[in-house]
Structures are given as C-alpha cells and as structure tokens.
Amino acid sequence: MKPVKVAVLGATGMVGQRFISLLEGHPYFRLTDLAASERSAGKRYGDAASWYLSEPMPEGIRESVVKAMDPGGIDADIVFSALPSSVARDVEPLFAREGFVVASNASAYRKEPDVPLLIPEVNPEHLGLIEVQKRNRGWDGCIITNPNCTTIVLALSLKPLYDAFGIKRLHVVSMQALSGAGYSGVPSMAIIDNVIPYIGGEEEKVESEPLKILGKLQEGVVKNADFTVSASCNRVQTSDGHLESVFIDLAEPASPEDVEDLFRRFKGEPQKLGLPTAPDPPIIVRGEPDRPQPRFDRMAGGGMAITVGRIRRDSIFDIKYSVLGHNTIRGAAGASILNAELFVEKGL
Ligand SMILES: NC(=O)c1ccc[n+]([C@@H]2O[C@H](COP(=O)([O-])OP(=O)(O)OC[C@H]3O[C@@H](n4cnc5c(N)ncnc54)[C@H](OP(=O)(O)O)[C@@H]3O)[C@@H](O)[C@H]2O)c1
C-alpha cells in the first residue's frame, strides 16, 4: 500500500504528542505536517512543545516547523485532531470541507447524528454514517470521532455483555489520570495529596456516549441503546491510565464466570482484519484480587488493550468489575489511529 499522508492538529499537546509517537514507523501512515495554535505556528516543534512522554521524540520532529490551522497549508489526506473542543468546532469542518478525513478526539461533533462515534471493535458498521454526512453537509471529506477516554474503556468492556445478555442499567465510578486534563490541566497544588471528585462535563459524556456507540445503525440513523448509565468521575494523581469500577444489571441472568468467559473470548473487527494498532486480545482478564492497576496494566497491548479484573457478584447490582485503559493511547491518539486504519482498510 502507498503510505497515506497524515497530519496532526494540536500537535504540541498531550494527545498530539501521543499521535507523533504512535505514528512513528506506522505501516499505513506517513506524518507530513504538524499544526498548533498561533502561539506555536512558525516555530520549530522542539521550541514550541515541552515533550512530556517517556519515549524519546521521534527523529526529525524537533526541527519540523509547526504550521497554522489552515487547510491550504497542510499536505495530508487524513488529519488527526487533538484540538480543544471549542477550537475543533470551528476548525474541523474547514478541513472536512476541503476533502480531508478528520479523525477527531474532540467532543465537538461526537453527538451529531451524522458523525460516527467509533470504537472499531464495538461499532465498525457506524462508518456507514460517513455517506450520510457527506450527503447532508456537501463535504468532500468527513469527520469521524472517537469517544471520551473514560467512555472508550467502559464501552469496550460493555460490548460483549450487551451482545450476549443485554444491559438494563449500570453505574460507573472513575479514577482518572492527570494526563486526561491536558498538559496544564490540573495545577500540582490542587492534586498533590488529593482526589478531586469533579471533572467538568465528564459525567454527561460517560452517561450519553455509550448509548450512541452501542446503538444500531438503521437506514442512515443510529437508534441509541436503551439502558441507563450513572457516572461519578474523579481526578486522582496517577499520570496515565483511567481505572473504573462498574456495577451492572444485565437483562438476562449471568454468573461472574459467564462474564469472565465472554471477556476472554471477545474479538472485534480490527482483530479479524489484523489492523496494525489492534491489540489482540482487546480485553485482558487478570485473576489477581488487586488488579488492574494503572502503573502495571496501562501499557497492556501497547496501551491499546483494556484490562478487567475483580469480576464478582454485587449485593445491589447483578455483577461488578474493575476496568482500566490508557487514556491518551486507547482513550485518545491510539483510538483515532485505529479508526483511521479501519477507514483505510475498508477502502473508504
Ligand atoms: N488527554 C486525554 O486523555 C484525552 C483523551 C481523550 C480526548 N481528549 C481530547 O483531545 C483534545 C486534546 O487534548 P489534550 O489533552 O492534548 O490538550 P492540550 O494538552 O491542552 O493540547 C491542546 C492542543 O491544541 C492546540 N490549541 C489550543 N488552542 C488552540 C487554538 N485556538 N487554535 C489552534 N490550536 C490550539 C495547542 O497548541 P499550543 O501548544 O500552540 O497552544 C495544543 O497543541 C481535547 O479535545 C481533549 O478533550 C483528551
């Protein structure tokens, strides 16, 4: 396959840096441009960004000149967007209109009825919305979104349960890493020796996005899944990796052993297609009583697998378990790259 040219919008931020790191040596994609705000445009990347990843900055990136958010100046077919939502709302359509495929991390377009909110293992058929989107909006390109980082981890774990037993309702309590708030998101004096039981806008996303993701696409419209999600989101002082406690009522009876068996056997379309970024297996089950843990389990499957554990009966709900995923890899940059791989592999 001829390499597809890709660019990163918001390349200097937490998620932007993950994109740069994950795209190094990618078999489908060649990184050709980096763009960020007016504050960074025109500067060498090495001067504009403080590199925060433990992996070294890939060769050649330091000297690249950061571009402005102008589709005319970007040489790529796919743009990965790691922009703040308020900026993405105006910028992403400019690129889609000009024929770029925008694979976005931002929440700006996730709820739009003609925009796929995609997890390739869960709802690959929702790529069918692209045709509807192009027709509705008259764009040559399109916008594909990935869910919020907490939602991706949750929804991937729900998929096998939803298909096998149905879901009546669930409650999720999240313990979310600092990188989820961006590089300058949470001041150190606010979080040292502390847990903050509030993340603005997060609970609404976690309560609504799974219903669209697990919804059925019929005649160009996604009919949302009809269960209820209650979320309680907390910021904790881990660097990467969101841990979630899930309490769930299923529509049909199931034992913890049934649930564990489903998690272990689950595979999705990316695994069947052998997509480069697809973890295999996508769900890892740990039997130890004290796993998953962010420090030990976030890099499972290169940061793309989720890890579940502590699957057991609950005294109020049917079943409870813990699930963990890397928020800037599976929950952000890696998720967008997997979306783009599916898009390319399907010849779209
Ligand atoms: N962090 C996570 O775990 C995570 C997970 C899922 C989704 N997301 C979403 O991903 C997006 C990026 O998050 P992040 O954590 O990487 O944020 P971040 O660290 O604050 O980075 C933001 C990026 O956007 C650029 N930017 C800011 N204002 C701009 C403007 N007015 N015009 C053009 N570019 C602008 C910044 O460039 P400068 O450096 O030049 O300012 C920077 O490159 C957000 O929508 C976030 O909600 C994040």
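**Salt bridges and helix packing**

Modeller: Arg 330 is buried, with a relative accessible area of 1% (buried means under 20%, exposed over 50%, partly exposed in between, with a 1.4 Å probe and protein chains only). Bear in mind that this is a predicted model, where local features need pLDDT of at least 70, side-chain atom pairs count only at pLDDT 80 or more, and totals for chains, interfaces and linings use all residues. Residues are numbered from 1 along each chain as its sequence is written, and side-chain values use heavy atoms, with hydrogens and water left out.

Colleague: Which side chain meets Arg 330 in a salt bridge?

Modeller: That is Glu 121, at 2.7 Å from N to O (a salt bridge is a side-chain nitrogen of Lys or Arg within 4 Å of a carboxyl oxygen of Asp or Glu). Arg 330 lies in helix H11 and Glu 121 in the loop between E4 and H4, so the pair ties together parts 209 residues apart in sequence. Helices (H or I, at least four residues) and strands (E, at least two) are DSSP runs numbered from the N terminus.

Colleague: And is Glu 121 buried or exposed?

Modeller: Glu 121 counts as buried, at 3% relative accessibility.

Colleague: How many salt bridges does the structure hold?

Modeller: There are 20. One of them joins the side chains of Asp 33 and Lys 67, at 2.9 Å from N to O. Asp 33 is buried at 7% relative accessible area, while Lys 67 is partly exposed at 31%. There is also a salt-bridge network linking Arg 89, Glu 112, Asp 114 and Arg 137.

Colleague: Changing topic: at what angle do H5 and H8 cross?

Modeller: Roughly 120°, with the axes of H5 (residues 149-165) and H8 (residues 256-265) coming within 9 Å. Axes are lines fitted to C-alpha atoms, for helices over the stretch in contact, and angles run from 0 to 180 degrees between N-to-C directions. That makes H5 oblique to H8 (under 35 degrees is roughly parallel, over 145 roughly antiparallel, 65 to 115 roughly perpendicular, and the rest oblique).

Colleague: Which residues meet there?

Modeller: From H5, Ser 157, Pro 160, Leu 161, Ala 164 and Phe 165 meet Asp 258, Val 259, Leu 262 and Phe 263 of H8. Contact means heavy atoms within 4.5 Å.

Colleague: Last one: where is Ser 336?

Modeller: Ser 336 sits in helix H11, residues 329-345, and counts as buried at 1% relative accessibility. Beyond its neighbours within four places in sequence, Ser 336 has contacts including Phe 19, Phe 80 and Asn 146.
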